[in-house]
Protein chains: 2
Amino acid sequence: MSDAPVTLSQVAREAGVSLATASRAINGSATRSVREDLRERVLEAARRLAYSPDPSAQAMARGRTTALGLVVHDIADPYFSTIAAGVARAAERAGLIVTLASTEHSSARELAFVELARRQRSRAIILAGGRLEPEGDAGVASGGGPDDGAPVPGALEAALNAFQEAGGGVALVGQPIGGLPVVEIANADGAADLARALHGLGYRRFAVLAGPDGHRTAADRTAGFTGALAELGSPVAPDDVLTCPFTRDGGYSAMGDLIKRADAGRLPELVFAVNDVMAVGAMAAVRDAGLSVPDDVAVAGFDDIHTLRDVSPGLTTVRIPLAEVGELATELALGRAERTRTTVRGEVVLRDSTPPRPPATPADDA
Amino acid sequence: MSDAPVTLSQVAREAGVSLATASRAINGSATRSVREDLRERVLEAARRLAYSPDPSAQAMARGRTTALGLVVHDIADPYFSTIAAGVARAAERAGLIVTLASTEHSSARELAFVELARRQRSRAIILAGGRLEPEGDAGVASGGGPDDGAPVPGALEAALNAFQEAGGGVALVGQPIGGLPVVEIANADGAADLARALHGLGYRRFAVLAGPDGHRTAADRTAGFTGALAELGSPVAPDDVLTCPFTRDGGYSAMGDLIKRADAGRLPELVFAVNDVMAVGAMAAVRDAGLSVPDDVAVAGFDDIHTLRDVSPGLTTVRIPLAEVGELATELALGRAERTRTTVRGEVVLRDSTPPRPPATPADDA
DNA sequence: CTGTTAGCGCCTTCAG
DNA sequence: CTGAAGGCGCTAACAG
């Protein structure tokens, strides 16, 4: 049963035609065409021999692979694995093989993978997940020097550009880099919607578990949330915006700090954690302190991670259709989308972690 | 800026040596060796030119890719994404690229990917996740799911064998196929341990949400659990072993049935769902019925999915080190493990969903 | 419309 | 120890 791989030339011989004809019959050459009966014969022979082309050889002859690179920070994170599921589905539809890279948050590895993809002549590459902002990136620095620091981010952009110039498709998920195609997530808008909804429920005093400094997604969500609240006349005090890691443990310990601090004062009415995983950590901290969500504090998150939909009490959040985001990014990377830039908007999902709150007594803010 | 990919011959020219020498210097030929100074020169030139080999070309010349295929049912499922994280890590250590296939539970697709891997001459392939048992094994095929036209039972095994004979490494995760290398998970033992622990806590009347008929993993967990209980003198009545899908919704609706049925009788003391995701669904059903876990029913699961560690009440479960399983499978597939078969044993984790239960009144079992 | 002929980039016998 | 030459499987100009 040892099948030496069937080659195209075997198929050609079996069908009694030349190698070239067999090739054209099988993958329909763009320029040449093949007589119907010959094509039939070739296809028939291929089927009989269970022929299937060698991707490496095709890649070499065509100068282009059939691979789609997907780069994520951590495939075990449900945020990324859901995006990956969308990418996998869309890639299969497009007849592409997806090669996965889980960088474990190392931007060096991220860069290495982009370069590998170029070298390997991948058809396209998708980068999911934000990178940290360059330090001290204060917006519009007048004049913009020819080389403004930030070695790593700049290198990534350069690598991506090189990849694109070499004919590869690129799509980013989450946040833009240069002018590259991107599926943006309306983080600020979603968080603002959430803030308004919560304000509408009667909440007035908020705290935010804001993720780490320099984390763009976290910053956008925080800004959207606090911005909307400020407009509504319930500004969040700077002290109530806590920096912490973007993880479950980050949420847990930041909430712990909040609670400890509250011993000397009082807890905010509601704590917004900038992602669901952090929110769940925060809820655990509340429980571990012997307090209750939502009786002592309400909690809200962001993303609507599917696996977390059944936590109790149900977590109020902003639903992002992550799998669709993955599919969209694939279309984009393959150049099959109309535009080169899409924004996916989230939808506020109110659950039991933030029940309506009867109007506070006006004197409450003493 | 348009870098035409750097080739080995450019490096050779730059270093002033022949192509062959450059090749030997860079990837250390097994038979020939290269003079130290020449090697240095080549490596230096390669670095200067930022050379990196073209995987397709190497694959063609060597007749073997540098790719590791990973086939899972659904990459969005935390069970699989955690395994994938382990595989990704181990693969990177081994200098391999992982190509991901998410079959969405289609065994036809699974088969297709194995064949693709062979054609593509992947270095190795890892199949995670159980396949359904061959029909007729279960006997009582009452109202099971409609079979989605599974291919010939032996087809997958044949494809895997062909892949292996063609020089590829194979590893399965979860359950064996033929004599192929496998990382087995001690499902029955883990479930038995869990049963004993729960019995030790004082529980006596159990029900099992057992997953679908023919699902081997589910069946093993169910058998381990009920077997241990029978030995302990608290057998589970067949009626209390409920067939249902292996999903959150499966757990939810089966638990709903149990509750509905209990209106006319009583609830079991503890419900064991054969995986955490189902258990969480079951807990949701309990809540939605206005009941409480653990006051009205205790609930236990299996896997210890990381994202679910903070559900409330904390879910008692059997911890399987999924990421390690992925790493192990990679070692196995690469032939780097001692043995060709490993069993990973889980560890019972008791949490608040199954508090100790005071000895029931003897008359309770009327 | 079909067949012949170069390579794609690299590895690996073979000579030198 | 090093260089030259052949070929992996396939595609894409070229003839015919």
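In strand β7 of chain A, A:Val241 is the bridge partner of A:Val208. That pairing belongs to a predicted model, where local features need pLDDT of at least 70, side-chain atom pairs count only at pLDDT 80 or more, and totals for chains, interfaces and linings use all residues. Residues are numbered from 1 along each chain as its sequence is written, while chains are lettered from A and ligands numbered from 1 in the order in which they are written.

**Around β6 of chain A**

- Two bridges join β6(A) (residues 206–209) to β7(A) (residues 241–242), and these strands run parallel; strands are DSSP runs of E with at least two residues, helices are runs of H or I with at least four, and both are numbered from the N terminus.
- β6(A) also pairs with β8(A) (residues 270–273) in the parallel sense, over four bridges; to pair, two strands need at least two DSSP bridges between them.
- Over in β8(A), A:Leu270 is the bridge partner of A:Phe206.
- In a regular strand the side chains alternate between the two faces of the sheet.
- Here, A:Phe206 and A:Val208 point one way and A:Ala207 and A:Leu209 the other, and all are buried (20 or more other C-beta atoms, placed from the backbone, lie within 10 Å of a residue's own).

**Around the DNA**

- DNA strand D has 28 residues around it, and A:Thr7, A:Leu8, A:Ala61, B:Ala20 and B:Arg35 come nearest (a residue counts as near if its C-beta atom, placed from the backbone, lies within 6 Å).
- α4(A) gives the most to that surface, with five residues.
- DNA strand C is surrounded by 29 residues, with A:Ala20, A:Arg35, B:Thr7, B:Leu8 and B:Ala61 the closest.

Conventions:
A residue is buried if 20 or more other C-beta atoms lie within 10 Å of its own, exposed if 12 or fewer, and partly exposed in between; C-beta atoms are placed from the backbone.
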